[in-house]
Structure formats: structure tokens, C-alpha cells
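Hi everyone, thanks for coming. Please have the sequence and the 3D view open while I talk, and stop me whenever a term is new.

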Amino acid sequence: MTYIINGKLIAEELLSSIKKEVKDKFEIIKMRPKIATVLIGNNSASKVYVNAKLKAAENVGINTELLTFNEDINNKKLSEIITTLNERSDITGILVQLPLPKHLDEQIVFETINYKKDVDAFGIYNIGLLNHWKSQIMPCTPQGILFILKKYLKDLSGKKVVIIGRSIIVGRPLASILIRENCTVTVVHSKTINIKEECSLADILIVATGVPNLIKADWVKKNSFVIDVGISRVNNKIVGDVDFENVKNFTSFITPVPGGIGPLTVANLLLNTLKLFLIQNNLSSDVAFIKNHN
């Protein structure tokens, strides 16, 4: 029997814990975490994502500040914006919404945000800590995926994992995280030979390509765990990278799109903001759900 994972419900549990922790710490030190979000240009999808993140933050008591800029700003200005936010003591975390306009260099974001305020955990220093298994926060989507896997499978040791996609946002950090969990990890991508064969061997298949309905039923090992990170719009319908209706009957666990990984990504952004707030103020968490969420 296939279990369809309700990511929204799991995210609500995490958000409830975050809200309680923010409230408890405010009663002690009269301060709240604050996340500054930088939005550049008029990408409609980015605006939707940012609004969802801001609303979720406000719902759990995390303060927000949105800084919007025209698409024509240059790399020097972007660097100056981030540096100013680094220096502000009232800002817990900094989020620069990606993708940036094509003339801007994303590397500036990864190199300039202070790692102590890097809520996305994409910066070079935080990725270095992650690869040394010393990080206190992880990139949001991989952290959400890890939580789901450990919630339902408990021990991941020895599991064969195939990740489709090698981005800095999902594929590469997730590979490091799952190796730490004693999985055997294969990362495949557009240049890989026999991707279908690799996928068919996976106990856990994680797909993050942005190619709608790429994964068919004959790509999937019987009773595997399938996590779909992709999101696309096809004929005015939101779909993932997995041909859900045909694949689900071959799996033990599967995440839908929408309603799977997306809500957990937002929740883990706020979890990272809270974690950075606790670190910056030398506070510890008494909430087991948060303290053990690594």
C-alpha cells in the first residue's frame, strides 16, 4: 500500500513548534527573530514565493523586512545591500530571492552574506561546514527531505539513494547530508548514461530537475520511497517531476506536487531563522522537535 505524504500537515507541526519557541524566547529577552528578504526585479513566481515566506514568518511571530529593487541594479549595489544587512544588529537572517536577473552574479550572494545570517545555508562557508558535517543549519529543501525520510524510515543506513539533479540548492548538499546518514548515494544528471537504469535500483529516489512528469512507472523500484522536488505548470495545472498517478502504485512512500516538499521548504527556512536567532543570542531550545531537527 502506498503512503502519500502530507507535507503541509508535517510543516504545520513544525511551524507550531517554531511559534511556541519564538513566543517563549520573547517572554525571556523581549526580542524576536527578524528575516530580511531582498527581491530584485518583477519575476512573478519569485513574488509569490516571497509573499508566502513573509506570511508564514509573520504567522509564527518572526519579524520581516522586504527590500525590493528594480531589475537594473548592478552587482556592486547588490553587494552593498547585503553588506549593510550583515552589519545590522536587528537582522537575524538574510534571504536574497533567487533566481536573480541574468546580469547579476549569484556568486555575490553566496560569498557576501555573513554565514551567521545565511538562512538559506547556500553560502560558501556554510556549504563547507555542511561537507565537513559540522553545520548547525542546512539548506531548507534538503533539510525538509531529511526530516521526511527519518520520520518514516527511521534508520537510513545502507539505503541506496539516487538523486536526479546536482544543483547547489538541492542535489549537492543533499548528497553530503545523506552520505552522513550512511546512505549509498548516486547523483545523476543530464550527462549521465542510463539514468533510467540507475533510478530503477534506488531504495530512495529524489527528483529535482524541473522537467514535468519525467519519472515514469518503469523507472521506479518496487516499494521504493519517491520524493518529488520539481514543480512546473502544465496546461494551468501544477505538476512535479514524477508522473504521480502512474508511479504512486509502485511505491511505499511518495510526495505529491503540490503539497509535498514545498511547505516543508518554507517551514525549514523559518526553522533556520530561529536556529540562527538562538545561536546569536546564546540561547538553547527546550523544544525537542526543534533541538533534534538535524
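Before that, a word on the source. This is a predicted model, where local features need pLDDT of at least 70 and side-chain atom pairs count only at pLDDT 80 or more, while totals for chains, interfaces and linings use all residues. Residues are numbered from 1 along each chain as its sequence is written, and side-chain values use heavy atoms, with hydrogens and water left out.

Let's start with helix α1, residues 7-29. Helices here are DSSP runs of H or I with at least four residues, strands are runs of E with at least two, and both are numbered from the N terminus. How far apart should the ends of α1 be? The expected span is 1.5 Å times one less than the number of residues. With 23 residues, α1 should span 33 Å, and its end C-alpha atoms are 33 Å apart, so the two agree.

Now look at the N-terminal end of α1, which is capped by Asn6: a side-chain oxygen of Asn6 lies 3.2 Å from the backbone nitrogen of Lys8. After α1 comes Lys30, with a positive phi near 55 degrees. Within α1, the buried residues include Ile10, Leu14, Ile18 and Val22. Buried means under 20% relative accessible area, exposed means over 50%, and partly exposed is in between, using a 1.4 Å probe and protein chains only.

Next, please find Asn126, in helix α5, residues 124-131. Is Asn126 buried or exposed? Its relative accessible area is 5%, so Asn126 counts as buried. Leaving out residues up to four places away in sequence, Asn126 touches Tyr115, Asp118, Ala121, Ser135 and Ile137; touching means heavy atoms within 4.5 Å.

Val48, Tyr49 and Ile231 make a nonpolar patch of about 290 Å². Patch residues have over 30% relative accessible area and no salt bridge; nonpolar side chains (Val, Leu, Ile, Met, Phe, Trp, Tyr) are joined within 5 Å, and like charges within 9 Å. Ile231 sits in the loop between β8 (224-228) and β9 (232-234), and at 46% relative accessibility Ile231 is partly exposed.

Last topic: salt bridges. How many does the structure hold? There are 14, each one a side-chain nitrogen of Lys or Arg within 4 Å of a carboxyl oxygen of Asp or Glu.

Take Glu181 and Lys150, whose closest N and O atoms are 3.7 Å apart. Glu181 is in the loop between α7 (171-180) and β6 (184-188), and Lys150 is in helix α6 (residues 140-153), so this pair ties together parts 31 residues apart in sequence. Glu181 is buried at 15%, whereas Lys150 is partly exposed at 30%.

In a second pair, Asp203 and Lys221, the closest N and O atoms are 2.7 Å apart. Asp203 lies in the loop between α8 (195-199) and β7 (204-207), and Lys221 in the loop between β7 and β8, 18 residues apart.

Lys216 is in the loop between β7 and β8, and Asp243 in the loop between β10 (237-239) and α9 (244-247), so parts 27 residues apart in sequence are tied together.

Note on methods
A polar contact is a pair of N or O atoms within 3.5 Å; within protein, one must be able to donate a hydrogen and the other to accept it, and residues adjacent in sequence count only if both atoms are side-chain atoms. Accessible areas come from the Shrake-Rupley method with a 1.4 Å probe; for residues, only the protein chains shown count as cover.
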